[in-house]
Amino acid sequence: MNGAESLVRTLLASGIDTCFANPGTSEMHFVAALDQVPGMKCVLGLQENVVTGMADGYFRIARKPACTLLHCGPGLANGMGNLHNARRARSGIVNIVGDQATFHRPFDAPLTADTAGMAQTVSQWVRTSVQSEHLGRDAAEAIAAAQVFPGQIATLILPADVSWNDGGVVGAPLAVPAAPEVDGNAIENAARTLRSYGPDTLILVGGPAALSEAQGLLWRVAQATGATLMADFVTAQVARGRGRLPLERTPYVMEAALKALERFKHIILVNAKAPVGFFGYPGMPSTQYAPDTQIQVLSRPDQDPVKALRSLVLALNAPEAEIPDPGPRPEVATGSPTPEGLAQTVAALMPDNAIVSDESVSFGRGFYKFTHAAPANDWLHLAGGAIGDGLPVATGAAIGAQKQRRVISLQADGSAMYSLQSLWTQAREQLPCTTIILNNSKYNILIGEYKNVGATPGETAMSMLELGNPSLNWVGLANAMGVEAARASTLEQCGDLMKSSFGKQTPFLIELMV
């Protein structure tokens, strides 16, 4: 058995059965082993940032890691934007990155790079395997590292000769350490604060604390104490819709965030970070809360929020409390596209148990309050701020759901161009994805940021923020990737196209002119 075969067998033995790949010469023996060892689903992405973004979306829905296959240091570099996002989302991924054969590396061939150095910036675990007989062991350790709660990025660098040499040994699956227990003092301190200052307290949630299992406990705490609940703006996944909490997120815009958070004397963090601005602005603070606000941690991002909240409920003796009904499902909106109208239309038409991949950027910041009465769904967000994750995350989510759930992408046009090759994979895999491209022919968020930083744009500056010369034809781009598509200029047209696409088991793109 060569090293590559031992690697594939180790992955399968530890439950890794999906590989998102863009391979090259150094990885050919691994690719050959995928033929020789049955059981691995292989999904091709046409660019590495699509590959890594798909692995992120897959983990969020499947709740287990996939592996990626990337070609040498430059391939890893191409995928680093969405690995940054995945690390911020705390998704579990096992990256397998090919490298020069160990004997060839000293000759400094063109693709030679500091692969390990690059991997360190987006990974919690990095190792270069140097012997075929140790590759299975190294892979088992990488898989265990990726499964550390709630998820981590593990990168295994694989020199070509370690892959092709004989002597491979299958690595036995390793036990994953349990998440660190929450300190009892943190429980008691939070309970004391909530008893004394409940109405002046914000409970800010992130990570698994925004999923359905934690939400019922959060609601009991809020009802018993008068505390306010809110999700961190960069929470990767929020359980939403009927039967879930009508959570709002902290605002993105600094002035709005300061206003929303100024009244709270205490903020209790449940798998979240204290809220800060995306950027520093002239004359503005970095933090979004008042200077005298007291910050407390109930559970860190690496701790189980459900266990922490159960303990908090007991400490408060908080009674059972039913999550409120959000009211009637909205009707399809009409007229020219607006953020409110599109959100209302999505809520009116989305299938039960849908997945929403939201990279609507500035257009969609107000979507939440118009979609609380939608059917139960999972809403996925850009967690790291590096645009270009919406389409690949949607693609990986559809695979993670085994094509059993409709995925709706609410996607800004500028950021979609970073990873539009995702559409090709959607067509190749015949995935149930509906993409709504919000075509305003500009980087609208950057126009707003000009004002925020106090700069004064002129003709040259503005020319770098508009996408209309030449205009992007998203129907043509989608068709070229094998995806059926149509253009809509009204909400009625958009609604009709959405409804039609939801009845298909194949991808569809709507170019909505906004």
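Predicted model: local features only at pLDDT ≥ 70, side-chain atom pairs only at ≥ 80, totals over all residues.
Residues are numbered from 1 along each chain as its sequence is written, and side-chain values use heavy atoms, with hydrogens and water left out.

So, domains. We've got domain 1 (3-164), domain 2 (184-316) and domain 3 (339-513), with bounds from an automatic or database domain assignment.

Let's look at domains 1 and 3. Their centres, taken over C-alpha atoms, are separated by 29 Å. Domain 1 puts 25 residues into the contact and domain 3 puts in 26 residues, contact being heavy atoms within 4.5 Å. About 1,900 Å² is buried between them, with carbon and sulfur atoms giving 67%; that's accessible area (1.4 Å probe) lost on putting the two parts together, summed over both. On the domain 1 side, Leu46, Arg60 and Ile61 supply 29% of the buried area, more than any other three residues.

There are two salt bridges across there, meaning a side-chain nitrogen of Lys or Arg within 4 Å of a carboxyl oxygen of Asp or Glu. Also on salt bridges: Glu429 forms one with Lys41, closest N and O atoms 3.1 Å apart.

Now the sheet. It's open, four strands, order E8-E7-E10-E11, parallel pairing. Strands here are DSSP runs of at least two residues, numbered from the N terminus, and two strands pair if DSSP finds at least two bridges between them. E10 (residues 266-270) and E11 pair over five bridges, with His266 opposite Gln294 in E11.
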